[in-house]
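Open the model in your viewer and keep the selection panel at hand. The stops below say what to select and what to look for there.

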Amino acid sequence: MYLRFLRQTTFATATLLTAWCCTTSLSSESAQESTEANFRVMLETVIQENDEESLSIDFIWTQARAAWVPTDTPYAIMTMSQKLKTGDDVYYDLYQTLSYDSGQTWTVPQEIPSLKLHTIDNNYRRSLSDMTPQWHPKTGRILNIGKSFFYTDDSTPDRSRREVAYAVYDPETQQWGSHQALDIPTQDTSALSIIAPNAGCVQWLMQPNGEILLPIFYYKMSAEQAATTDRTAYDVGNNMNNDELSQMVAVLRCSFDGEKLTFLELGEELQMKQGRGLGEPSLAYLNGTYFLTLRTDQSAYVTRSSDGLHYEELQEWTFDDGSVLGSYNTQQHWATHDDRLFLSYTRRGADNDGVFRHRAPLFIAEVDPQKLVVLRDTEQEIVPNRGVGLGNFGVTKVDGQQIWITTTEYMRGETNVAADNSVFVARLLANQP
């Protein structure tokens with residue numbers, strides 16, 4: 001299914017509640033095709049910077065992910081990060097935009113005062129980034145989980161120092177609390193320590209009892225090795241081919257009381273000694289089984305579990321015809337609907353060799369939960385390729401009828417492309433409620 005732009009409207013900012021919204025509809029041919037697909041797609045532009053002044057600003061929008069707040073008057077809240085166009089993963093303040101009409105319009109993005117870039121330990125500036133917010137029914141709060149980046153300059157973060165970070169939103173006051181870090185026991189019986197734990201861009205799960213299953217990724221080493229490893233060894237460029245310094249993945253069981261996230265248990269550790277190892281794990285649950293998808297530099301992998309903590313052997317993502325999916329060095333996320341499992345991803349082989357790491361277009365397809373393969377014939381394009389990456393995205397289940405995929409165009413100084421640092425909401429309307 002292919003989308004085309006039918007209409008573009010200019011931005012209006014008369015009031016805080018006025019939205020920026022350009023709607024991309026399906027062409028008649030695509031609409032007819034979609035009746036046989038899993039979802040009808042409406043692509044909406046929340047933010048668009050289509051003038052020279054906006055595009056000349058030093059920052060771009062990244063990591064746009066939304067949570068649905070099912071109060072008496074439901075609304076949505078989306079958080080996103082400011083990132084420098086220059087440097088490597090240099091994130092600044094966290095912003096929010098809200099929708100009070102089921103995503104038809106959105107407020108002008110505002111920085112969150114309690115979650116701005118700030119100085120810590122004298123030498124470091126700390127930012128909250130790669131966040132994934134979700135509603136926590138038991139406490140009536142939004143819990144937003146991601147990671148802390150630490151900087152000494154505007155060129156690259158210190159990747160040897162990271163935290164599983166979170167913040168809490170209270171719908172009654174409509175205020176965010178402060179930047180917090182999850183306290184994780186760092187040493188196990190093998191005398192190895194968890195180094196630089198990270199929950200950036202992960203998809204985490206709420207349990208019926210209010211507990212949380214949180215996938216994280218981290219390094220594991222002895223205190224002596226940690227003390228003698230130069231922090232520059234953790235940087236992406238130095239570590240791409242360093243199998244000895246590869247990240248591990250595990251799922252944490254945590255409790256949340258409405259204010260504090262507390263570690264309870266560390267699940268089985270998964271490892272692949274290949275380049276930087278495993279990263280950005282995302283978790284889903286369907287019909288008694290937990291499903292985990294993971295990123296590596298070369299490909300994407302999947303596994304499953306009966307308890308959410310202990311997993312089967314990793315297998316590479318493929319289509320049902322046996323060919324490799326082609327997603328690599330970026331995240332994938334899950335959606336569930338009508339007792340069916342779906343995966344959203346980017347991949348090679350979509351006339352996209354000119355896009356950084358083939359991170360556009362963005363797709364969704366159904367997964368066979370028994371064989372753990374993607375059903376090729378169900379693949380739908382939900383956000384088009386306009387010349388730049390869409391790799392950092394999120395999934396929001398609004399209700400039994402509607403799922404949102406939120407993403408941003410990752411502008412890094414590209415020219416002569418159709419992209420304009422837009423923030424998109426791909427509204428997936430289920431053909432079968």
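Select R141: it is partly exposed, with a relative accessible area of 23% (buried means under 20%, exposed over 50%, partly exposed in between, with a 1.4 Å probe and protein chains only). R141 forms a salt bridge with D170, and the closest N and O atoms are 3.7 Å apart (a salt bridge is a side-chain nitrogen of Lys or Arg within 4 Å of a carboxyl oxygen of Asp or Glu). The pair links distant parts of the chain, with R141 in strand β9 and D170 in strand β10, 29 residues apart. D170 counts as buried, at 16% relative accessibility.

This is a predicted model, in which local features need pLDDT of at least 70 and side-chain atom pairs count only at pLDDT 80 or more, while totals for chains, interfaces and linings use all residues. Residues are numbered from 1 along each chain as its sequence is written, and side-chain values use heavy atoms, with hydrogens and water left out.

Next, select R161 and D121. They form a salt bridge whose closest N and O atoms are 2.4 Å apart. R161 lies in the loop between β9 and β10 (163-170) and D121 in the loop between β7 (118-120) and β8, so the pair ties together parts that are 40 residues apart in sequence. Strands here are DSSP runs of E with at least two residues, and helices are runs of H or I with at least four, numbered from the N terminus. R161 is partly exposed at 24% relative accessibility, and D121 is also partly exposed, with a relative accessible area of 47%.

Move to E280 and R295. Their salt bridge has its closest N and O atoms 2.9 Å apart. E280 is in strand β19 and R295 in strand β20 (residues 289-295), so this pair ties together parts that are 15 residues apart in sequence. Both E280 and R295 are buried.

Then select D88, D89 and R159, which are linked in a network of salt bridges. How many salt bridges are there by this rule? The count comes to 22.

A pocket is an open set of points on a 1 Å grid over the protein atoms alone, with protein on both sides within 12 Å along at least five of seven lines; a cavity is a set where a 1.4 Å probe fits but cannot get out, and lining residues have an atom within 4 Å of a point. The second largest pocket holds about 590 Å³ of space, a volume being the space filled by probe spheres set on the points, which are joined across faces, edges and corners. Strands β9 (141-151), β15 (212-222) and β19 each supply at least two residues of its lining. By class, that lining has 10 nonpolar, 11 polar and 15 charged residues (Ala, Val, Leu, Ile, Met, Phe, Trp, Tyr, Cys and Pro count as nonpolar, Asp, Glu, Lys and Arg as charged, and the others, Gly among them, as polar).

For the largest pocket, select Q134, W204, L205, V395 and K397, which lie nearest its centre among 34 lining residues. Its volume is about 810 Å³. Which strand gives the most to the lining of the largest pocket? That is β28, with 5 residues. Others that supply at least two residues include β3 (59-69), β8 (124-136) and β23 (333-337). The lining of the largest pocket divides into 23 nonpolar, 8 polar and 3 charged residues.

**A cavity and a buried loop residue**

A search of the whole structure finds 1 cavity of 30 Å³ or more. To find the largest cavity, select F356, R359, G389, L390, G391, N392, Y410 and R412, which line it. The volume of the largest cavity is about 40 Å³, and its lining has 3 nonpolar, 3 polar and 2 charged residues.

T346 is buried, with a relative accessible area of 2%. Not counting residues up to four places away in sequence, T346 touches G326, S327, T330, H358, R359, A360, P361 and L362 (contact means heavy atoms within 4.5 Å).

**Zoom out**

Finally, show the protein chain, which has 4 helices and 30 strands. Of its 433 residues, 60% count as buried.
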